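Here is a short report for a first look at this structure. Start with the aromatic rings, then turn to the cores and the confidence.

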Amino acid sequence: MHEWTAGPAPLVDLATRQSGVVSRTQVLHHGCTDDWLRHQVGAKRWRRVHTGVYATFTGELSWEAQCWAALLRCGAGAALAGPTALRLWQPTMPGVVVSARQRGIVVAVDKGRRPRLRHDSGIEVWTIAGLERYVHPTRKPPLMRFEAAVLQSASRAVTHDEAIAIIANACQSRRTTPGRLLDLLGPMPENLRFRRFLQEVLADVAAGAYSFLEVHYLRDVERPHGLPSGKRQRRVVVGRRPYFRDVEYLGYAVVAELDGRLGHEDFISRANDMDRDTDTARTDVRTARIGYLQVMSRRCATAQRMVDLLRIGGWTGTPRRCGPACRLA
């Protein structure tokens, strides 16, 4: 429980809105003095969090209070960014780590500013040119718009795979669309890291490959091996149950179900997948359930199995090898 210290009512109201955290500048603005501030800290009613930033209560800081403290330390115009902003926008989104050296709360500041922070401050600062146009106009604490946070996070990913995961998870959350992300990506700086790659991934996601595994299946199995283009996320009703098929090869009675992390991680979800496979089999449609190992490490063998299934369904196209080492027949 927060133990609020007596003080000017406007200052107490401000601290309440900021999860119990205020800056020295705000304290002085509300008519208090440095001596008064030192007295609160000396009496152990308040405690210093960062240089010039104080918690007006005892006990551990909540995550929201840590966010406010980081913002106040970085000064006016700062906004929560990257995975920190995504956590506020979509608490149920899978965790995103975009830097091997990420140090906690991610705060963006405009180009030309660089707050001097202790290495152990728990704050990571991103410098973004024209930051104001990416910040949501009303949200408190200040944070980047969802699409901007997604694209900035993806551009700072360590690998292409991590960038794909960030984009795909954001679109699968239904909070945004590939089109909105592409619209925002257009005017972003030309030197944005992974820019062209992100455009390609967004085009794939727009084609219906919403999960990380679906994007990789499209880019690493289906396209490079010359398989026919599947229909993605097609809604069907089998019996009385509506399903969305990950990839359906219309006309060949073949379905590829991408058994990835999202929606397939618990016992009930797996039981539902089994029911769906059984229901699909009753319609004479062959289901190939494909996981990470089949896509990431055995892509050529997976392509061969899909070719064989498609042949049974009547496909007469010509598959192709993805490279010199490919053993596709």
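Rings of Phe, Tyr and Trp (its six-membered ring) count as an aromatic pair if their centres lie within 6.5 Å. Planes over 60 degrees apart make such a pair edge-to-face. The model is predicted, and it holds two aromatic pairs.

**Aromatic pairs**

Trp36 and Trp46 form one of them, and the pair is edge-to-face. Trp36 belongs to helix H3 (residues 34-42). Trp46 sits in the loop between H3 and strand E2 (47-50), so the pair ties together parts that are ten residues apart in sequence. Trp36 counts as partly exposed, with 23% relative accessibility. Trp46 counts as buried, at 5% relative accessibility.

Phe194 and Phe197 also pair, and their planes stand at 65°, so this pair is edge-to-face. Both Phe194 and Phe197 are buried.

| Aromatic pair | Centre to centre | Angle between planes |
|---|---|---|
| Trp36 and Trp46 | 5.4 Å | 90° |
| Phe194 and Phe197 | 6.2 Å | 65° |

**Charges over rings**

Rings also meet charged side chains. Arg139 lies over the face of Trp89, 4.4 Å from the ring centre. Arg156 places its charged end over the ring of Trp126, at 4.3 Å from the centre.

**Nonpolar cores**

In soluble globular proteins, nonpolar side chains tend to be buried together. Here the largest nonpolar core has 65 residues. Leu80, Val107, Met144, Val150 and Ile167 have the most contacts inside it. Helix H4 (residues 63-74) gives the most to this core: nine residues. Another core lies apart from it and has 19 residues, including Leu213, Tyr249, Leu258 and Val295.

What is Leu80 in contact with, leaving aside its neighbours within four places in sequence? Its partners include Cys67 and Leu71. Ala85 and Leu88 are also among them.

**Confidence**

The mean pLDDT of the chain is 85. Of its residues, 87% reach 70 or more. Where in the chain is confidence lowest, and where is it highest? It is lowest in helix H11 (residues 267-281), with a mean of 62. It is highest in strand E4 (residues 79-80), at 96. Over residues 261-265 the pLDDT is below 50. This stretch has 14 contacts in the model beyond near neighbours in sequence. Where pLDDT is low, the predicted coordinates should not be read in detail.

Definitions and conventions: Residues are numbered from 1 along each chain as its sequence is written. This is a predicted model: local features need pLDDT of at least 70, side-chain atom pairs count only at pLDDT 80 or more; totals for chains, interfaces and linings use all residues. Side-chain values use heavy atoms; hydrogens and water are left out. A nonpolar core is a set of buried Ala, Val, Leu, Ile, Met, Phe, Trp, Tyr and Cys residues joined through side-chain atoms within 4.5 Å. Buried means under 20% relative accessible area, exposed over 50%, partly exposed in between (1.4 Å probe, protein chains only). Helices (H or I, at least four residues) and strands (E, at least two) are DSSP runs, numbered from the N terminus. Contact means heavy atoms within 4.5 Å. Rings of Phe, Tyr and Trp (its six-membered ring) pair if their centres lie within 6.5 Å; planes under 30 degrees apart count as stacked, over 60 as edge-to-face and the rest as tilted. A charge sits over a ring if NZ of Lys or CZ of Arg is within 6 Å of the ring centre and within 35 degrees of the ring normal. pLDDT is the predictor's confidence in each residue, from 0 to 100.
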